[in-house]
Amino acid sequence: MPAKSLDQIVSLSKRRGFIFPGSDIYGGLANTWDYGPLGAELKNRVKRTWWQTFVHGRQDMVGLDASILMNAKVWEASGHVGNFADPLVDCKNCKERTRGDKLIEEKLGVEAAAVLKIEQVQPMLLAEKIPCPKCGKVAWTEAKRFNLMFRTQQGVVEGEGNEIYLRPETAQGIFVNFKNIVDTMRMRLPFGVGQIGKAFRNEITPGNFTFRTREFEQMEIEYFVEPGTEAKYFEEWKDAVWEWFLSFGIAKERLRIREHGADELSHYSSRTIDIEYLFPWGWGELFGLANRADYDLKQHEKFSGQDMKFTDPDDPKKKFLPYVVEPSFGCDRSILTFLLEAYTEEVLENGETRTVMKLDPRLAPYDLAILPLSKKEQLIGKAQELYKRIVQETNLVCDFDITGSIGKRYRRQDEIGTPRAITVDFGTIGEDEKQGERDTVTIRDRDTLKQERLSINELIEKLKR
Ligand code: ATP
């Protein structure tokens, strides 16, 4: 544990139906990925667990589902039109376009790259003799600012005024709805709003599978607090999120916190930390926590002309713009981390190697697999009956698999991370006492490989618990 290379996960994901290359039959579309049947289950579970923990699990949180398309003024107010840009450099030899700061980061580390001003990027690339990743020459143009927002047109008439953007973050949907939420939900400070949804960034150098794509999903929280209390809540969120990742079995030694230096902070932030994971290619951001102060509400007040202040319900004379602490999760990066961390190759007693995805049971695409030992009609009938009973009497998600030998089916379930497999055999239908008594089944544990024989009624009771 965990995966040693990204290829192990890319290949397992494709082979077992977690993640496929996008537009596959047309030769693909670079850096797009489709979540297959098992990936969709996994993704839904990540989102559901997140929502349960951070929205349903807390009295001080509510949820939101805002539009991807928003009035273009939102992005002027938020600063994205002016500031949301990366330093783009061209190779004078082969015309390859790339992110200058990322090349510097690869050679000199995140800290060195993060503090660079745009005009320092080209001199640094040349001084450090950092070559073009495509042709190997050191011949870079001056860096230009490249805005990452996707632009499109709304409506049937092309032209000025109709231009809109695909949202580059979900956060602004929350700020724009701040008043609506306060007015309808009787919120008292501190309170937060959680949202899960797609975001789009025209990244210059996407890559590393789903780590950096141009379309991705975020799980974001804007937590509104009284000015002066933000430092305390910042610490609370840092701990809560750290614990959340650990609760899925991510090893502490592969997680670290990185504090952004003053020169590196985004235009809206007065303090930011990242939680980073040790990916197969090195440390990379998994999660970001920012103190946005009252930057966004103030900007929206200015640009929309609307009063965005919060009125203290106990003292209506007390009106102010709350400060904001923002925990921002990447859904796809979290999934990639869970997959990498779960990947395990084990040598069994008989010398064979098995690959097993030790996914947290809350995230595994299936809770259970129901496996009739052979294709005999009576066995399949009995197993189908059991499947129906489990679905009706519990809320567990089951796979039903009759294809291939039982050994191969166990191996498949191990590779897709199913925590338990139930085998219906000749004992179950009263035809072989050696296998077990009538109406008993075998339940096999993914991690310990222990098998237990128990009656169907006992099994159902156990599953309900
Ligand atoms: P990076 O420095 O890696 O570009 P960022 O600091 O721009 O990330 P944020 O704006 O803080 O990222 O976004 C919050 C979270 O959204 C990140 O922690 C990450 O998990 C996720 N995220 C951001 N950009 C992408 C992307 N292009 N593809 C997939 N996930 C992303």
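In which strand is the place of alanine 293? Alanine 293 belongs to strand S13, which covers residues 282-293; helices (H or I, at least four residues) and strands (E, at least two) are DSSP runs, numbered from the N terminus. The structure is a predicted model, in which local features need pLDDT of at least 70 and side-chain atom pairs count only at pLDDT 80 or more, while totals for chains, interfaces and linings use all residues. Residues are numbered from 1 along each chain as its sequence is written, and side-chain values use heavy atoms, with hydrogens and water left out.

Although alanine 293 is not a glycine, its phi is positive, at about 50°. Alanine 293 counts as buried because its relative accessibility is 16%, where buried means under 20% relative accessible area, exposed over 50%, and partly exposed in between (1.4 Å probe, protein chains only). Aspartate 439, likewise not a glycine, has a positive phi of about 60°, and lies in the loop between strand S21 (420-424) and strand S22 (440-445). With a relative accessible area of 32%, aspartate 439 is partly exposed. Another backbone feature is the cis peptide bond that joins leucine 189 and proline 190, with omega about -5°; proline 190 lies in the loop between helix H9 (178-185) and strand S9 (191-200). As background, most residues other than glycine have a negative phi, and most peptide bonds are trans.

We turn now to helix packing. The axes of helix H13 (residues 377-393) and helix H15 (residues 456-464) come within 10 Å and cross at roughly 30°, the axes being lines fitted to C-alpha atoms, for helices over the stretch in contact, with angles running from 0 to 180 degrees between N-to-C directions. H13 and H15 are therefore roughly parallel to each other, a term for angles under 35 degrees. Residues in contact, that is, with heavy atoms within 4.5 Å, include Leu386 and Ile390 of H13 and Leu459 and Leu463 of H15. The residues of this contact divide into 6 nonpolar, 1 polar and 4 charged, with Ala, Val, Leu, Ile, Met, Phe, Trp, Tyr, Cys and Pro counted as nonpolar, Asp, Glu, Lys and Arg as charged, and the others, Gly among them, as polar.

At the level of domains, the assignment gives domain 1 (6-71 + 167-341), domain 2 (86-147) and domain 3 (366-464), with bounds that come from an automatic or database domain assignment. The C-alpha centres of domain 1 and domain 3 lie 39 Å apart, and 6 residues of domain 1 are in contact with 6 residues of domain 3.

Technical notes
Angles under 35 degrees count as roughly parallel, over 145 as roughly antiparallel, 65 to 115 as roughly perpendicular and the rest as oblique.
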